[in-house]
Amino acid sequence: MAANYVIVGSGVAGIAAAEVLRARAPGASITIVSEDPDGYYSRPGLAYYLSGEIPEKHLFLRSKADFRALGIHWLHAQATQIDVAGHRLILADKRSLAYDKLLIATGARAAAPDFPGGDLDGVFTLDTLKDAKRLVRKANKSGQAVVVGGGITALELAEGLHACGVNVHYLLRGARYWANVLDAEESELVEAYLRGDEIEIHYHARVRQALGKRGKLYAVETDSGEIIPCQILAVAIGTRPHLDLARTAGITIDRGILTDSCLRTSAPDILAAGDVAQVHDDSTGRASLDTLWPTARAHGEAAANTMLGTPTPYHRVVAMNVTLLAGIPTTIIGALGSGSDEDLVAIARGDSENWRTAAPTWVVVERHEVNRIRLMLGDRTITGALVMGDQTLSRPLQRLIAAKADISPIRDALLADDHAVLQLIATFSAEWERNHAATT
Amino acid sequence: MSLERRSIFFDLTRVEVLANGHVLPESARCVQCGICSYNCPLGLDVRAYAWRGEPIFDSTCLTCGQCVARCPRGVLTFAPLTNG
């Protein structure tokens, strides 16, 4: 009898899994259960929808017809429980689906506002296309907005609202932006860009409460007593894996659903992938969370192969994100910072816990007016890099870091002269690639 | 026509690209936002190539560089055509 695969969640992890299952098991039954009425679209693309760079229809990656053509059943429903012993997924409307293998790819949700008044009309978080559309509609009739939080999403909200013509106040709890990944100068580059857009940054500012009249937001009060009138309060203080389904099923969870390296959970025939999964890394012995699109895709593909009977470990590659931080192209690779960020109560979207595992190390910085490269040097390797502005070296650095290339020949020179960093890396990388190609 | 030099890696000259270059995606960087496809003057679905990690081999591609220049994540580069 053909196998019966059920996937909960329609983000990239779920879709990547469905495509692999369909390709390798042409006769199998595949069902995607999704709470999101909009189906499969690019979540990271929502930032560019907010800023007006792409229209809504370009966010969609596959149509319902595409899924039908692939023979994938699409069910718009909320999954509420799992009958683990009976191998059935139970839906909110009491229907249930039988499965042979179940993949939980429910993603993460924005952390709820952690101050009074967080439930007022006018307070927004950004998870789904529906959230983004509501925010744009509201922005078109609003004069002033307050953004709180950290990481990439907070910036995207501030810039998106600015692009909608709204006057934006950005509240930071600490002294600078994204303090546990960026260094002080990098934060300043981002903040200067925001100021250039006339976004007003308030430092050491915490929301005491959101103020409303008849359930509707009209201002934000900070802990210093300042009242900032606003019609929108956008909150991006981190995301939390959506664990309800796993929790009620008695599956082992920590910050996410704990899985082995092949994405298997503690329950038989149930796997997890994407932002919801906290995947064990056999090489480090740790299980960490990532909220990165490429990671989620790789999880989904590995999980699908495991479901098909070929246990396939997810190989952690070097955590990397390439993004625009306030308009500055920025690549973050490997371990760069440490500690926590006051503006985030949980992992941000587009984030990796691995970026904050930097051991005490040498730091080399190449300064330029706009462009900046920061390298974290281990004893023999480059362990992390942050490239802002010109991206010429981001690819070579990504390769050297991922391969743990031995940089001993240039390490002393890197430390000796900040200005030589670009040339040293470019020359070394070219030679390393030639040798690498010759030996592989 | 000049291209905005942003998150791109112009290691080939314009003439070389026109003569024997093509656009190559690196899918590990791509988040399928669709800015590339939206801005392609010929309406090529560049994003679909990026999902598959395949070079944009389409006889109608002008190698105009709009997708390369506009991608916010540096997914796309010009690369020389290899034999075969």
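Author: A salt bridge is a side-chain nitrogen of Lys or Arg within 4 Å of a carboxyl oxygen of Asp or Glu. Between chain B and chain A the count is 1 salt bridge. B:Glu26 forms it with A:Arg395, and the closest N and O atoms are 2.3 Å apart.

The model is predicted: local features need pLDDT of at least 70, side-chain atom pairs count only at pLDDT 80 or more, and totals for chains, interfaces and linings use all residues. Residues are numbered from 1 along each chain as its sequence is written, chains are lettered from A and ligands numbered from 1 in the order in which they are written, and side-chain values use heavy atoms, with hydrogens and water left out.

Chain B and chain A also have 14 residue pairs in polar contact, both residues at pLDDT 80 or more; such a contact is a pair of N or O atoms within 3.5 Å, one able to donate a hydrogen and the other to accept it, and residues adjacent in sequence count only if both atoms are side-chain atoms. By class, the side of chain B that touches chain A has 10 nonpolar residues (Ala, Val, Leu, Ile, Met, Phe, Trp, Tyr, Cys and Pro), 6 charged (Asp, Glu, Lys and Arg) and 6 polar (the others, Gly among them).

In the contact (heavy atoms within 4.5 Å), chain B takes part with 22 residues and chain A with 32 residues. B:Arg29, B:Trp51 and B:Arg73 supply 31% of the area that chain B buries against chain A, more than any other three residues; buried area is the accessible area (1.4 Å probe) that two parts lose on being put together, summed over both.
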